[in-house]
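Open the model in your viewer and keep the selection tool at hand. Each stop below says what to select and what is there.

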Amino acid sequence: MSVRVRVPAKVNVQLAVGAARPDGFHDLANVFLAVSLYDEITATPAADGLRVTCEGPDAGQVPLDRTNLAARAALALADRYGRAPDVHLHIAKDIPVAGGMAGGSADGAGALLACDALWGTGASREELLDICAELGSDVPFSLVGGAALGTGRGERLTELEVGGDFHWVFALAARGLSTPAVFREFDRLGEGLEIPEPAADQAVLDALAKGDAAALAVAVSNDLQPAALSLFPELSDTLAAGRAAGALAALVSGSGPTTAFLATDAGSASDIAGVLRASGTCRDVRTAAGAVPGATVLE
Ligand SMILES: C[C@@](CO)(OP(=O)(O)O)[C@H](O)COP(=O)(O)OP(=O)(O)OC[C@H]1O[C@@H](n2ccc(N)nc2=O)[C@H](O)[C@@H]1O
Ligand SMILES: Nc1ncnc2c1ncn2[C@@H]1O[C@H](COP(=O)(O)OP(=O)(O)O)[C@@H](O)[C@H]1O
């Protein structure tokens, strides 16, 4: 018997970043939206220990050892319930790797849910969320999905109301960006400046609640964008190409380098995707909509 779990990617419609904390993390006001690009994690009983395999266009960049977030999730759950982590985790990866769309976090949350179901641990939602927060700042959101405000380092979630579908185009970049490197660049660019406490923007929350894409387009913001552009200047060309193609808003997704373009509707998203694909400013282009549910066990 196997358990298959589907987990969405995310885009950050607001990412407000505070000053570096003593522990090296940054306090955030992180407004996540789960979008319809998915990884699938299949957990199958194994005779002797933990094995991870991965398929998909970016599979070559995914570590298959115990640093893989899916492996770490299975080990954390097995440890908590005092059992052997005898499981084969297969990742069908469609979320770009090191792209600022929480692909690794999705696999962590998905593996946790899959192993919980396979092993019948009966862990509570709170316990699963605790393990997610230990695995990484973005992992709790991958479990919850929908839209949520993440505070602290992004792991403390308040679910948000979403009044309609938002249509997106994502431009995948030729190479990845390391999340810690982008936060370090944020610190470097902010040296000597007063960094305000991060706070959720009411205009973003209202636009989400109303399902109003035009209002969301005006309100979106990402404090990591200057740092991502500083490390990857060519992303400015991609953002400009998407804007010229009619996107309501163009921004870097999280720490990047994936760029996200908000469209009025699915037809417009498809048109913008076509223009971006022909622009020569990105490796690949995908369309997706959100909000969608978080990690879900498939029948
Ligand atoms: C920036 C965001 C925005 O949603 O996502 P990505 O763009 O990477 O997907 C997240 O904050 C990434 O979360 P996640 O990828 O889970 O990061 P973690 O594993 O917790 O931390 C990796 C490293 O990022 C930095 N980090 C992360 C979160 C945070 N609030 N402050 C930080 O300074 C730290 O250097 C940390 O060592
Ligand atoms: N299951 C996984 N999928 C992808 N990357 C993973 C995974 N587990 C660990 N990693 C490592 O995490 C890094 C960040 O990957 P990812 O989560 O895709 O990006 P981001 O943090 O930008 O959303 C990768 O470069 C890789 O080394």
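Predicted model: local features only at pLDDT ≥ 70, side-chain atom pairs only at ≥ 80, totals over all residues.

Residues are numbered from 1 along each chain as its sequence is written, while chains are lettered from A and ligands numbered from 1 in the order in which they are written.

**Stop 1: the strands**

Select β1 (3-20) and β2 (26-45). Strands (E, at least two residues) and helices (H or I, at least four) are DSSP runs, numbered from the N terminus. The two strands pair in the antiparallel sense over 15 bridges; pairing requires that DSSP finds at least two bridges between two strands. Pick P8 and you will find its bridge partner, Y38, in β2. Five residues lie between the strands of this hairpin, and G24 takes a positive phi near 95°.

Is β2 enclosed or open? It is largely enclosed by the rest of the structure, because 15 of its 20 residues are buried. Buried means that 20 or more other C-beta atoms lie within 10 Å of the residue's own, exposed means 12 or fewer, and partly exposed is in between, with C-beta atoms placed from the backbone.

**Stop 2: ligand 1**

Select ligand 1 and the 20 residues around it; G136, S137, R153, G254 and S255 come nearest. A residue is near a molecule if its C-beta atom, placed from the backbone, lies within 6 Å of it. β1, β2 and α5 (179-189) each supply at least two residues of this shell.

**Stop 3: ligand 2**

Move to ligand 2, where 20 residues form the surroundings and L69, A98, G103, G104 and D107 are the closest. Elements giving two or more residues to this shell are α1 (69-80) and α2 (103-119), and α2 gives the most, with four. Ligand 2 lies between domain 1 (3-160) and domain 2 (166-290), because both give residues to its shell. The domain bounds come from an automatic or database domain assignment.

**Stop 4: R125**

Finally, select R125 in helix α3 (residues 125-135). R125 counts as exposed because it has 9 C-beta neighbours inside 10 Å. Its C-alpha atom is separated by 32 Å from that of L262, 137 residues apart along the chain.
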